[in-house]
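Q: I'm new to this one. Can you walk me through it once it's on screen?

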Amino acid sequence: MNIPMLLQHSHRRFLKGLLRTPFRRYHFIFHSSTHLGSGIPCARPFNSLGLHCTKWMLLSNGLKRKLCVQTTLKEHTEELSDKEQRFVDKLYTGLIQGHRACLAEAITLIESTHKRKKELAQVLLQKVLVYHREQEQINKGKPLAFRVGLSGPPGAGKSTFIEYFGKMLTERGHKLSVLAVDPSSCTSGGSLLGDKTRMTELSRDMNAYIRPSPTSGTLGGVTRTTNEAILLCEGGGYDIILIETVGVGQSEFAVADMVDMFVLLLPPAGGDELQGIKRGIIEMADLVAITKSDGDLIVPARRIQAEYVSALKLLRKRSEVWRPKVIRISARSGEGITEMWDKMREFQDLMLASGELMAKRQRQQKVWMWNLIQESVLEHFRTHPTVQEQIPVLEKKVLSGALSPGLAADVLLKTFKSGG
C-alpha cells in the first residue's frame with residue numbers, strides 16, 4: 001500500500017489536503033493483508049488494534065512525517081480494566097462456542113457509536129480475527145463460510161424466500177446466519193426491523209440466526225458494520241451468511257464488495273429487460289431469480305426470465321469461469337429452490353477452483369480498509385475545532401449566495417490545514 005493509492009481515491013483532493021496538515025494526534029494503522037490470508041483486515045485510524053504495523057514516510061513540501069504509531073493487541077488489552085477484560089473474554093468465549101446470545105451481544109457492541117465501546121469492539125474483533133485465521137489454516141486455506149448477498153425491490157418476496165431457503169439449508173446440516181438490513185427513516189431516524197417477524201419458522205430454528213439491523217443513514221443497502229458482523233458470524237460457526245439488503249438500485253453496489261455471490265430477486269411483471277439493463281445492480285448479479293413463479297404468474301415469470309437471459313448477454317463478462325444465470329423460483333410451492341442452491345454451490349466450487357474467489361475476497365479487504373479510512377478521515381475533519389467554528393459562517397454565506405459551495409469547501413480545507 002502506498003500514498004499514490006490514497007491520492008487516487010475518489011476524494012483525493014480532500015485527502016491530499018489532509019496529508020499536508022501536521023497530524024498531531026492522528027495515526028493510521030494498517031494490517032498487511034498478506035498476513036491475514038482470506039481473513040478480514042481491521043483498519044481503524046483511531047484507537048486501532050493490530051498485530052502488524054506499517055510505517056509510512058510521507059514527503060509533503062519537503063517534510064517527512066510519520067503516520068503510524070506502534071500498537072499491538074497486547075498493549076491495548078493491557079489498557080482494559082478487569083471488568084472490561086472479563087466482558088470481552090466472555091463474549092469471545094461464548095461466540096466461538098456457538099452461543100447465539102453472545103453473538104447478538106457482540107454485534108450490538110460493534111454497532112455502538114460510543115467511543116469506549118468502539119475500542120472494546122476492536123479488541124474483540126482482533127481476537128476473533130486471530131481465531132478465524134487459525135480455523136482457515138486448519139481448513140487448508142479454504143473459506144470457512146459462503147457469503148451470499150440478496151437484494152431486490154420491495155415486494156419481491158425476499159423474506160419469504162429466505163424462510164423457505166433457510167429451513168432447507170438447516171435441514172441439510174448447515175448453520176445459517178441472516179443479516180437483514182432495514183432502511184432507517186430520514187425523518188425520525190428509526191427503523192421498522194420487521195424482517196424477523198416474517199420469518200417465524202426460521203427464527204425458531206436453533207441452527208439459524210437472524211439479525212435485523214438499521215442502515216442508520218449508510219448508503220449501499222448495508223450498515224456501517226456489516227463487514228464486522230459477517231466476521232463475528234463466521235467466528236460463531238455459521239457456514240452460510242445471507243445478507244438481505246435494502247431495495248435495489250445503483251447505490252446497492254456496496255453489498256457486492258462484501259459477499260462471494262450476489263443474488264438478485266425480481267418479481268414477475270417488474271418491467272421489461274431495459275429496466276434491468278440500466279447499468280444498475282443487474283451488472284453485479286451472479287444469479288437472477290424470478291420469484292413468485294406459481295399460479296397465474298407462471299406465464300409472466302417465464303417471459304421475464306427469457307428477457308433477462310437476453311439482457312445479460314449484453315453485459316461485459318466479469319468472470320472467466322461463470323456466466324450469470326436466470327432461474328424461476330417459488331417459495332410457496334418450493335419450485336426451483338433446490339435447483340437454485342445447486343447453482344449457488346456450482347458457482348462457489350468453480351470460483352474457488354479457479355482462484356477467483358480468493359482474489360475477490362482480497363479485493364474486498366482493500367475496499368473495506370479504504371472505506372474505513374474515508375469514514376474516519378472525514379469524521380476527524382468534521383470534528384476539528386477550527387473547522388467546526390467556520391462551518392456555520394460558511395453555510396450562511398453559501399445559503400445567501402455570497403459564496404459557492406466549492407469555494408466554501410476550499411476555505412474549510414485551508415482553515416483545517418492552517419489550524420493543524
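Q: Let's start with Asp342: buried, partly exposed or exposed?
A: Asp342 is partly exposed, because its relative accessible area is 41%. Buried means under 20% relative accessible area and exposed means over 50%, with partly exposed in between (1.4 Å probe, protein chains only).

Q: What kind of model is this?
A: It is a predicted model, in which local features need pLDDT of at least 70, side-chain atom pairs count only at pLDDT 80 or more, and totals for chains, interfaces and linings use all residues. Residues are numbered from 1 along each chain as its sequence is written, and side-chain values use heavy atoms, with hydrogens and water left out.

Q: Where does Asp342 sit?
A: Asp342 is in helix H13, residues 337-354. Helices (H or I, at least four residues) and strands (E, at least two) are DSSP runs, numbered from the N terminus.

Q: Which residues form the negative surface patch?
A: Glu339, Asp342, Glu346 and Asp349 form it. Patch residues have over 30% relative accessible area and no salt bridge; like charges are joined within 9 Å, and nonpolar side chains (Val, Leu, Ile, Met, Phe, Trp, Tyr) within 5 Å. A salt bridge is a side-chain nitrogen of Lys or Arg within 4 Å of a carboxyl oxygen of Asp or Glu.

Q: Next, what about Lys360, buried or exposed?
A: Lys360 is buried, because its relative accessible area is 13%. Lys360 lies in helix H14, residues 356-382.

Q: What does Lys360 touch?
A: Leaving aside residues up to four places away in sequence, Lys360 touches Ala256, Val259, Asp260, Met261 and Asp286. Contact means heavy atoms within 4.5 Å.

Q: And Glu375, where is that?
A: Glu375 is also placed in helix H14. Glu375 counts as partly exposed because its relative accessibility is 31%. Glu375 and Arg224 are 151 residues apart in sequence, with their C-alpha atoms 9.6 Å apart in space.

Q: Switching to Lys325, which strand is it in?
A: Lys325 is in strand E9, residues 325-328. With 25% relative accessibility, Lys325 counts as partly exposed.

Q: What does Lys325 touch?
A: Asp286, Leu287, Val288 and Lys343, again not counting residues up to four places away in sequence. Asp286 is also touched by Lys360.

Q: Zooming out, how many helices and strands does the chain have?
A: The chain has 16 helices and 9 strands. Of its 420 residues, 50% count as buried.

Methods:
Areas by Shrake-Rupley, 256 points an atom, 1.4 Å probe, with all protein chains shown as cover. Lys, Arg positive; Asp, Glu negative; His and termini not counted. Charge placed at Lys NZ, Arg CZ, Asp CG, Glu CD.
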